[in-house]
Each structure stands twice: as C-alpha cells, then as structure tokens.
Amino acid sequence: MTEIIDGNAVASEIRDDLTDAIETLADAGSRPGLATVLMGDDPASQTYVNMKQRDCEEVGIESHHVDVDGDAPPEELFDTIADLNENDDVHGYIVQAPVPDHVDYRNVIRRVDPAKDVDGFHPENVGRLVAGDARFRPCTPHGVQKLLESADIDTEGKDVTIVGRSDIVGKPLANLLIQKADDGNATVTVCHSRTDDLAEKTRSADIVVAAAGVPELVDGSMLEDGTVVIDVGVNRVDADNEKGYELVGDVEFESAKEKASAITPVPGGVGPMTRAMLLYNTVKAASLQEDIDVELP
C-alpha cells in the first residue's frame with residue numbers, strides 16, 4: 001500500500017509545536033514579527049501573501065505588510081527594505097517574487113539584512129548553508145526534509161535524484177541532503193533541462209524529488225518499485241470544470257502512485273510545508289535577534 005504523505009497534517013503539527021516557542025518569546029517581551037512586501041498587483045502573489053498573513057495570525061506571530069506600486073522606481077522598494085532592516089518589531093521578512101521586470105531581484109535579495117532573511121536567499125545565508133552552518137534553511141527544501149522525517153524515510157546512504165536546479169529548491173536541497181547530518185548523508189544527483197535520459201536517473205533513485213516546474217514531467221514508467229516521490233511542483237493546467245483549470249504537480253500522480261512506496265499529493269503535499277517553515281524561520285530569527293533560547297520542532 002502506497003503511503004500518501006499528508007503535508008497539511010505535518011504542517012499543522014509544526015505550527016502547533018511553534019506556539020510554545022512563540023509564547024516563550026512573548027512572555028520575554030518579544031513577539032515574533034513577519035513582514036511581507038509586495039511590489040505590483042500579481043494575483044497569485046497577492047494570494048500567497050494573504051495566506052502567509054493568515055498563518056501568522058493563527059500561531060500568534062505579528063504580521064506586517066507593505067505594498068509598493070508596481071510602476072515605482074527600484075529605489076522605492078529599496079527604501080522599504082532599508083526601513084524593515086531597521087524595524088525592531090520585524091524579525092523576518094520576505095519580498096514576494098516575482099518583482100516587476102525593471103527591478104533586479106538579485107539586487108533586492110542582497111539588500112535584505114541576512115539576519116532577517118527568513119527565505120534564506122541572501123548570499124551570506126546561502127554560503128552558510130553550503131558550509132554546513134545554516135542560519136536559515138530555505139523553506140521548501142526544509143519542508144521536504146520534514147516530510148521525509150514525518151514518514152520515517154531515512155536519507156542516509158540513499159540515492160536521491162532531484163529534478164530541477166533552481167536557487168529556491170534544487171540547489172539548496174541538494175546541499176542539505178549531502179551534508180553530514182541525521183537528515184542528510186545522501187548521495188544526490190541533480191537533473192535539469194540539459195540532462196540526457198532523465199528516466200535513467202530517476203529509475204536509479206531511492207528518492208525522487210520533482211521540482212522542475214513542468215506539469216507531470218515524471219510518471220510511473222520513470223520509477224522503480226518502492227521509490228519515494230516528493231512532488232514540489234504546482235502547475236495550473238486547463239480543465240473542464242467550474243474554475244477552468246486544475247492544479248497538478250511535476251509528477252503524474254496516478255501512475256507514480258502505482259510504483260511509489262510513499263508519495264506527496266498536489267495540492268496538500270509540499271505547499272503547506274513551505275508556509276509552515278517560513279513561520280519556523282521567523283521564530284528562529286526572533287530567538288536569535290532577542291538572544292532568547294526556544295525549543296523549535
């Protein structure tokens with residue numbers, strides 16, 4: 001019987017476990033604060049921001065939000081970032097991607113205070129992660145690790161194939177899984193659009209993580225029996241229903257489920273974990289900045 005790894009349930013447990021740490025900080029006079037910055041009016045980005053604000057409210061994190069006009073010069077966004085860097089009530093913040101084309105997102109990330117970079121994208125935080133001394137693990141890769149842990153899937157000595165080499169998922173996850181740690185010690189292959197014979201790489205893996213942003217790229221024919229499948233992709237495809245679309249992952253779920261020993265669904269798999277780990281990083285940021293020890297899940 002294939003195990004369906006329930007990301008909603010695991011994320012809910014993490015949020016519940018964070019409440020004690022949040023109350024410890026609050027009792028010491030410092031309630032964690034998370035800010036979101038949205039430049040422009042992208043509907044999907046607005047939805048993500050709203051969800052993150054709701055998550056904060058549910059666990060007791062102070063939520064702050066700043067809207068920046070999408071046509072404003074980059075300097076207006078940079079000024080907002082500078083203000084948040086100096087705001088003691090904000091322990092962590094994110095600048096929601098994508099930003100408008102006239103703004104260099106790499107320049108945005110470099111201006112974020114690394115101590116408040118709860119996405120984990122600042123070059124300093126990337127370097128610390130690669131060196132094995134992460135301040136913040138990026139939310140989606142950390143969420144994948146937590147999902148594997150929740151299903152008692154040991155990565156030590158396992159062959160992991162990651163399909164996708166993004167700075168947000170593929171690269172940091174590969175670095176985390178190869179590290180000498182209880183949730184690492186794996187042998188990792190990172191595949192991408194230039195990889196020859198992708199199916200050969202996925203069939204040789206004990207664990208496949210699909211994070212390429214291509215709908216249903218990986219199907220059951222590309223897996224061996226007993227493979228663990230983690231589907232990071234969320235893709236909107238046309239469908240004959242009331243909405244006119246449906247969400248699918250980077251894995252063709254039905255055929256993959258026939259081969260997998262465990263698999264994450266879309267939606268309800270990795271997505272909720274990404275949001276939960278953002279809360280986790282915010283609480284950790286508050287703990288570090290206020291020099292208050294808390295127990296994190």
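1. The expected span of a helix is 1.5 Å times one less than its number of residues. Helices (H or I, at least four residues) and strands (E, at least two) are DSSP runs, numbered from the N terminus.

2. A word on the source. This is a predicted model, in which local features need pLDDT of at least 70 and side-chain atom pairs count only at pLDDT 80 or more, while totals for chains, interfaces and linings use all residues. Residues are numbered from 1 along each chain as its sequence is written, and side-chain values use heavy atoms, with hydrogens and water left out.

3. Overall build. The chain has 10 helices and 11 strands. Its radius of gyration is 19 Å, close to the 19 Å that the globule rule gives for 297 residues, so the chain is as compact as a globular protein of that length. The radius is taken over C-alpha atoms, and the rule is 2.2 Å times the number of residues to the power 0.38. Along the principal axes, the C-alpha atoms fill a box of roughly 50 × 40 × 35 Å.

4. Of the 297 residues, 47% are buried. Buried means under 20% relative accessible area, exposed over 50%, and partly exposed in between (1.4 Å probe, protein chains only). Contact means heavy atoms within 4.5 Å. Take the contacts between residues at least 6 apart in sequence: 69% of them join residues at least 24 apart.

5. Surface and charge. The chain exposes about 14,200 Å², and carbon and sulfur atoms supply 43% of that area. Accessible areas come from the Shrake-Rupley method with a 1.4 Å probe; for residues, only the protein chains shown count as cover. There are 25 positive and 60 negative side chains. Lys and Arg count as positive and Asp and Glu as negative; His and the chain ends are not counted. The centres of the two sets lie 5 Å apart, with each charge placed at NZ of Lys, CZ of Arg, CG of Asp or CD of Glu.

6. Helix H6. This helix covers residues 139–150. Its 12 residues reach 16 Å from first C-alpha to last, close to the 16 Å expected at 1.5 Å a residue. Ten of the 12 are buried, so H6 is largely enclosed by the rest of the structure. Among the buried residues are Cys139, Pro141, His142 and Lys146. Their cover includes helix H1 (7–27), helix H7 (170–178), strand E8 (228–231) and helix H10 (270–290).

7. Valine 144. This residue sits in H6. Valine 144 is buried, at a relative accessible area of 1%. Leaving aside residues up to four places away in sequence, Valine 144 touches Leu173, Ile230, Val232 and Val270. Glutamate 252 is 108 residues from valine 144 along the chain, and their C-alpha atoms are separated by 19 Å.

8. Threonine 155. Look in the loop between H6 and strand E5 (159–163). Threonine 155 is buried there, with a relative accessible area of 3%. Alanine 186 is 31 residues away along the chain, yet the two C-alpha atoms are separated by 5.4 Å. Beyond four places in sequence, the residues that threonine 155 touches include Leu148, Leu177, Ala186 and Ile207.

9. Positive phi. Aspartate 152 is not a glycine, but its phi is positive, at about 55 degrees. Aspartate 152 lies in the loop between H6 and E5 and is exposed, with a relative accessible area of 71%. Aspartate 291 is not a glycine either, and its phi is also positive, at about 55 degrees.

10. Cis peptide bonds. One joins alanine 97 and proline 98, with omega about 5 degrees. Proline 98 is in the loop between strand E4 (92–95) and helix H4 (105–111). Another joins valine 266 and proline 267, with omega about 0 degrees. Proline 267 is in the loop between strand E11 (262–263) and H10.
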